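Notebook open, structure on screen.

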Amino acid sequence: MPVINFSYEYFNQVLGREITKDQLIDMLPMIGSDIEHYDDELVKVEFFPNRPDHYSVEGITRTVKGFLKMEEGLPDYTVSKSGISMTVDSELQEIRPYTVCCIVEGISLDENSLKGLMEFQENLHWVLGRDRKKVAIGIHNLDVLKPPFTYMAAKPDEYSFIALETSNKMTLQEILDDHKKGTKYAHLLDKFDKYPLIIDSEYNILSMPPIINGELTKLTENTVNVLIDVTGTDERAVNYALNIIACSFAETGGSIKSMDVIYNNRTVETPDLTPKKMYVNLVNARKILGIELSAADVVDTLHCVRLGAEKESNDKIAVLIPAYRIDILHEVDIIENIAIGYCIRKIKAELPEIATVAYPDISKTFENRVREIMIGMGFYEVMSLMLTSEKQHYVNMRLDEDDHVMVAQPISQDRTMIRKSLLNGLMEFLEDNKHEELPQKIFEVGDVAYIDSNTETGTVIKKKIACTVTHSNANFTEIKSITDSFVSNLGLKMKLETSNHPSFIKGRCAAFKGIYENIEGNEDNTKGSVKGFFGEINPEVITNFELEYPVIAFEIEFND
């Protein structure tokens with residue numbers, strides 16, 4: 001998780017008043033941070049990935065102002081029109097299709113704020129951008145540029161510019177081959193014939209997203225007006241990133257001005273800082289928190305955490321969520337913020353009124369045994385999110401889309417459903433690590449969800465294990481041996497069945513059941529313990545995940 005370093009002096013400078021070191025150290029954990037280290041001059045704090053708006057001192061002070069009653073409720077950020085546009089080349093549709101941008105005027109930078117801004121930018125790259133794959137951010141000195149701007153697709157040797165922290169012009173291909181940032185992120189562009197480029201009306205090059213900015217627009221302590229561009233593959237994520245950065249600048253007096261982003265078939269004005277409206281039920285808040293709160297109390301606590309709140313009825317509060325808050329998706333998230341505003345420390349812990357004796361969870365004991373077997377066979381365990389997307393789960397795996405659990409308010413386009421299989425997550429992991437040495441042998445034990453109208457929630461959770469192996473000679477014989485060894489170590493006998501799973505090569509895939517044998521050695525088919533399939537992954541699936549070597553896999557579901 002990102003760690004933020006700052007001095008007490010700089011914090012108080014941004015806050016606009018002085019609080020003591022002890023006051024700050026006492027307050028930071030109450031707003032959701034973990035203090036890594038502090039001394040008489042500096043503090044190092046860690047925030048969870050769900051609060052990227054806290055990755056800058058400006059974002060932290062915005063929340064602290066609410067706790068100190070300096071400023072409460074929804075922050076008011078005025079956005080005026082700049083009259084400046086960014087035209088998007090239609091050729092970028094398959095490369096890096098989305099961009100959002102804005103102008104911020106009247107900023108003030110010094111050594112501390114410059115350093116903090118660079119760290120802020122890189123932390124957002126990691127959390128929102130998946131190390132620049134999904135989101136890349138550029139912040140430029142506007143005063144050396146001539147609007148309007150163009151976001152274009154350029155041939156590798158057609159343009160050259162002086163990249164950040166260099167002194168000689170380099171072509172786009174030379175940057176990918178020789179610049180330290182180019183070699184680090186070249187894999188994001190190496191499959192394309194053209195590369196993204198942002199230029200002004202006089203063909204000055206601002207940046208080569210998502211690789212490097214130009215030296216021409218480098219920020220200094222004399223910079224007053226900036227252009228912020230955010231490019232990426234996920235429109236929702238690039239908008240969130242722009243909102244977070246723009247609002248951070250506004251906290252120190254910057255004036256936000258919108259820009260028109262002109263696509264082939266639409267024009268979008270960014271940033272859009274319109275707050276989102278949600279509701280919280282007072283009865284639900286009392287039940288979850290275990291404290292008696294009036295409607296007025298809830299409104300006050302939400303104002304403390306910089307949310308807008310207004311009593312709509314005796315048991316219903318309307319809540320306005322600022323555009324930089326990406327973490328509030330459900331009523332429960334608002335109730336969590338009520339607890340933070342109330343002060344979690346003031347909520348007293350209570351012992352349950354029943355006495356119990358602890359013992360190991362049988363299902364967890366079985367999971368640990370499964371993990372030990374896989375690790376013993378030389379596999380590395382990975383853990384991925386239960387959320388995925390229809391594209392990754394169905395299209396990339398050559399599966400027909402069927403009934404599945406969808407996310408009502410997804411935070412991004414690649415987290416729109418709950419998985420029914422573990423395989424696509426393992427394939428994504430291989431894709432992200434395709435530059436590492438081979439062979440790669442990974443597995444995951446995790447939950448999947450199916451639609452089931454007979455249950456209270458309409459869904460049922462099942463436990464699965466899946467593994468993948470990739471190297472130049474991976475084949476059916478190898479995965480059959482791995483599967484047989486795994487099933488045997490569970491004390492079961494593998495009974496094979498025919499299968500034509502779409503994700504696997506036809507004729508190189510098999511289904512199976514793991515069944516018990518009784519003492520006399522006769523098979524007892526009524527006690528099937530596991531079922532699954534294994535084989536060689538279809539080349540089309542391998543290509544969909546941009547892999548270059550054969551992949552073999554198995555997936556097994558455990559019965560209740």
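Predicted model: local features only at pLDDT ≥ 70, side-chain atom pairs only at ≥ 80, totals over all residues.

**Entry 1: a threonine in a helix**

I began with Thr-61, which I found in helix α3, residues 57-67.

Is Thr-61 buried or exposed? I looked up its relative accessibility and got 0%; the cut-off for buried is under 20%, so Thr-61 counts as buried. Next I listed what Thr-61 touches, leaving out residues up to four places away in sequence: Phe-11, Val-14 and Leu-15.

**Entry 2: the cores**

Phe-11 turned up again when I checked Phe-6, whose contacts include Phe-11. With residues up to four places away in sequence not counted, Phe-6 also touches Leu-24, Leu-28, Glu-41, Leu-42, Val-43, Val-45, Val-57 and Ile-60.

Then I went to the largest nonpolar core, which has 96 residues. Which of them touch the most other members? I noted Phe-6, Leu-197, Met-208 and Ile-228. Helix α7, residues 235-250, supplies the largest share of this core, with eleven residues.

I also found a second, separate core, this one of 25 residues. Among its members are Phe-379, Val-445, Ile-465 and Ile-552.

**Entry 3: a three-stranded sheet**

I traced an open sheet of three strands and wrote down the order as β16-β18-β17, with antiparallel pairing. From one strand to the next, I get an average twist of 25°.

For the β16 pairing I counted six bridges to strand β18 (residues 316-321), in the antiparallel sense. Within that pair, Asn-281 stands opposite Lys-316 of β18.

What packs on the sheet? I found helix α9, residues 295-304, in contact with β17 and β18. The direction of α9 makes about 165° with that of β17.

**Entry 4: enclosed space**

The volume of the largest cavity comes to about 40 Å³. I noted its lining as Ile-31, Arg-51, His-54, Thr-63, Val-305, Arg-325, Asn-337 and Ile-340.

Conventions: Residues numbered from 1 in each chain as written. Heavy atoms only, no water. Core = buried A, V, L, I, M, F, W, Y, C linked by side-chain atoms within 4.5 Å. Buried < 20%, exposed > 50% of the residue type's maximum accessible area, 1.4 Å probe, protein only. Helix = DSSP H or I, 4+ residues; strand = E, 2+ residues; numbered from the N terminus. Contact = heavy atoms within 4.5 Å. Pairing = 2+ DSSP bridges. Axes fitted to C-alpha atoms, helices over the stretch in contact; angles between N-to-C directions. 1 Å grid on protein atoms, 1.4 Å probe; cavity = no way out; pocket = protein on both sides within 12 Å on 5 of 7 lines; lining within 4 Å. Points joined across faces, edges and corners; volume = space filled by probe spheres on them.
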